[in-house]
Amino acid sequence: MNFKSSFLLLPLALIALKNNAQAQVISIETANNALVLQADDKHDVNTIYFGPKLADSKEYSHLAAAYGKDNDYTGQMASVYTPAGSRNLLEPAIAVSHADGNQSLDLKYVSHKIDKVSDDISLLTIILKDQVYNTEVTLYYKSYYKDDVIEQWSTIKNGEKGTIVLNKFASADLYLKAGSFYLTQYHGDWAKEMRPETSQITHGIKTLDSKLGTRADLFQPPVFMVSMDKPATEDEGTVLYGSIEWSGNYRTDLELDPENNLRIISGINNYASAYQLKAGESFTTPPFLSVLSRNGKGDASRKLQHWARNYKLLDGNGTRLTLLNNWESTYFDFDETKLAALLKDTKKLGVDMFLLDDGWFGNKYPRNGDHSGLGDWQETKTKLPNGISSLVKGAGDNGVKFGIWVEPEMVNPKSELYEKHPDWVIKQPKRDEYYFRNQLVLDLSNPAVQDFVFGIVDNLFTHNPALAYIKWDCNAVIYNAYSAYLKKDQSQFYVDYMHGLYNVLSRIRAKYPKVPMMLCSGGGGRVDYNALQYFTEFWPSDNTDPLERVFIQWEYSYFYPAIASSNHVTDWSKLPIKYRVDVASMGKLGFDIVISKLAQNDLQFVQDAVKNFNGFKSVVWQGDQYRLLDPRENAVASIAYVNEAKTTAIMFNYLVNYRYDEGSKEPIRLKGLDPAKQYKLKEINLYPGTNSGVDENQPYSGDFLMKIGINPHVNSGRSSVVLQVQAQ
């Protein structure tokens, strides 16, 4: 890792400025970029550059002179962590009420150090301190050299004798220079996830945020892109991806300042969340991640996906279990006989595991619908008289694994748990209850509730050691937020809830480090890189219509790798089974269909497709993704995955416009191949009785395939085509 400072001749352990009036330059370098900070002669730390790294790091010292000084009217507009209440007049990153009620803060440089974590990772630590009040802030910049990714966060320490209140406590305060800026943000709802919008950023503040408490990403996911000078395309333009790594309420402010520069302040949403710090206490914010590319959105996404697989996603370079889920086959209406047949279907299909979904628990209030039973995690005796253990054994007898659905953060008012522990439920004590999906949320700020939620999962594994998978759902947002446990400290609830959730997940992972778990939230309602440290995969959407999923999975792929995306084949669509399977194969393949009702050719196709998937899944999961034709701009969507050695590519092509005579009219150019290699094409996932539309005997150079391309002949009769590109 070439993480450099201008103080290469000084010890890196601690570089102090207390008695030194000379400006100091601190540079954070990755393979292609440099984020350059300066501690000036007034001990203020500002961002003076974020862009292409220089060949000679000593020349970063010229940057301040090259860009000039900030406008005095706007004060610390380039501050690395802008405080409120002193000289700054723009949106602050931190706002504090001191023990005496004073709300000013002026953070001055104390020291910095650089630790080399590994050959690829370095950690810069900068200590700032107020000279009047004993409030200290430590800024962290963790850089990943190869992938151009930087994570930023802060720790705020109260050194005063009394309690202080954090009114705002962001993780990052970025500062970008360009002629103009374009924001790509996402919006959605249930079954309508990840819908992009791009607009030019104008003066003032654009805020992306969530106040839902849980399932915080339901309407507005935390990921975004900022293009500089012009909207970035797949292969051209300068673009920064950003996202806060936090599963609760978040807030990102994008402010175009009076000097036409962009400030990005991101962190936990301070809405209804003033946080108290007693004397000697510290508060650490979650990381904010960013990746900067000058080669378009595709390059930025491949860097972020590579980083995620190596450093953030649980078992990102490992494998995943293909599965058959019972939800759309049975919903709540099942018993041991029906499940025994589904276990046999799992083996017949050729997948690794059977997943039992919602409806297996509750006795006083059986879970026969979504109005009752949630919170009572004992097997329903009328449905499963022999318990989960008999199903786990039955799966093993059929040569497959067994997984199970839970929603441990939630409770139905019609449940024994609600009757026994009403103080565990998030609700206003003097107001009517208001339900989301007929349920309420348990108070994870309460340690007793944390123990209960951990015990749900722990008991399942304790009684069923062969249990192989957990699907963790979270279907409700928080209404009438109130914690009986926190009493008068209600403004800390939203933050403490998430800390409680992470505590539970950490305990689960400490005891069961390798068990696969799916992160589900009625779809993608809780998808972020803090949560994905504990989960092997996420559920992008309850909308499993494959045409919709082409668009949904396309947009998710800008920020998350294919191995993290759980894609199920269902009967939601009237499109052919081949189309549905092909779309689901661009990630972690699963099925939610009635195998016994498949026509013979459909069954044969699905069985063959599972075998094909097992042959190419490593290319999709660990390869580089290249988007070839955008479904929003073309009648055909085309995506390719190329392995690291550039010897194999899997190219998926889908018809997305079913109007008359639409299809692939011209060759589609591939990307990421070796121009000097010779490749042959083979159409895979062919439906029984159909013929390939490509010449499998003709070799092509990588140069030809990338400059001229190949026509997969997608049309209304061949609406989904999967090609394997193999080096000879």
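The legends below describe close-up views of a predicted model. Residues are numbered from 1 along each chain as its sequence is written, and side-chain values use heavy atoms, with hydrogens and water left out. In this predicted model local features need pLDDT of at least 70 and side-chain atom pairs count only at pLDDT 80 or more, while totals for chains, interfaces and linings use all residues.

View 1. A pocket is an open set of points on a 1 Å grid over the protein atoms alone, with protein on both sides within 12 Å along at least five of seven lines; a cavity is a set of points where a 1.4 Å probe fits but cannot get out, and lining residues have an atom within 4 Å of a point. Grid points are joined across faces, edges and corners, and a volume is the space filled by probe spheres set on the points. The lining of this pocket has 25 residues, and Glu234, Lys297, Tyr558, Asp630 and Glu633 lie nearest the centre. Two or more lining residues come from each of strand S11 (181-187), strand S12 (195-200), strand S14 (224-228), helix H9 (546-556) and strand S31 (624-629). Helices (H or I, at least four residues) and strands (E, at least two) are DSSP runs, numbered from the N terminus. By class, the lining of the second largest pocket has 10 nonpolar, five polar and 10 charged residues. Here Ala, Val, Leu, Ile, Met, Phe, Trp, Tyr, Cys and Pro count as nonpolar, Asp, Glu, Lys and Arg as charged, and the others, Gly among them, as polar.

View 2. Eight cavities of 30 Å³ or more are counted. The largest cavity holds about 120 Å³ of space. Of its 14 lining residues, Gln553, Ser557, Met586, Gln625 and Tyr641 are the closest to the centre. Helix H9 and strand S32 (636-642) each give two or more residues to this lining, and the largest share, three residues, comes from H9. The lining of the largest cavity divides into nine nonpolar, five polar and no charged residues. The second largest cavity has a volume of about 70 Å³. Residues lining the second largest cavity include His187, Glu193, Asp217 and Tyr556. That lining has four nonpolar, five polar and two charged residues.

**View 3. Phe402 in the largest nonpolar core.** A nonpolar core is a set of buried Ala, Val, Leu, Ile, Met, Phe, Trp, Tyr and Cys residues joined through side-chain atoms within 4.5 Å. Buried means under 20% relative accessible area, exposed over 50%, and partly exposed in between (1.4 Å probe, protein chains only). The largest core has 181 residues, of which Tyr81, Leu356, Trp360, Phe402, Trp472, Phe559 and Phe591 touch the most other members. Apart from neighbours within four places in sequence, the contacts of Phe402 (heavy atoms within 4.5 Å) include Leu343, Met353, Leu356, Ile388, Leu467 and Tyr469. A second, separate core has 22 residues, among them Leu628, Tyr679, Leu723 and Ala727.

**View 4. The eight-stranded parallel sheet.** An open sheet is formed by eight strands in the order S28-S27-S26-S23-S22-S21-S30-S29, with parallel pairing. Strand S28 (537-538) and strand S29 (566-569) are at the edges with a single partner strand each, so one side of each has no neighbour in the sheet. Two strands pair if DSSP finds at least two bridges between them. S29 and strand S30 (residues 588-591) run parallel and are joined by four bridges, and His568 stands opposite Gly590 in S30.

View 5. S31 and S32 run antiparallel and are joined by five bridges. Tyr626 has Ala640 in S32 as its bridge partner. Lys646 lies in the loop between S32 and strand S33 (648-655). Although Lys646 is not a glycine, its phi is positive, about 60 degrees. Lys646 is partly exposed, with a relative accessible area of 29%.

**View 6. Surroundings of Gln152.** Gln152 lies in strand S9 (residues 149-158) and counts as buried at 3% relative accessibility. Leaving out residues up to four places away in sequence, Gln152 touches residues including Tyr140, Tyr141, Asp173, Pro286 and Phe288. Gln152 and Asp253 are 101 residues apart in sequence and 16 Å apart in space, C-alpha to C-alpha.
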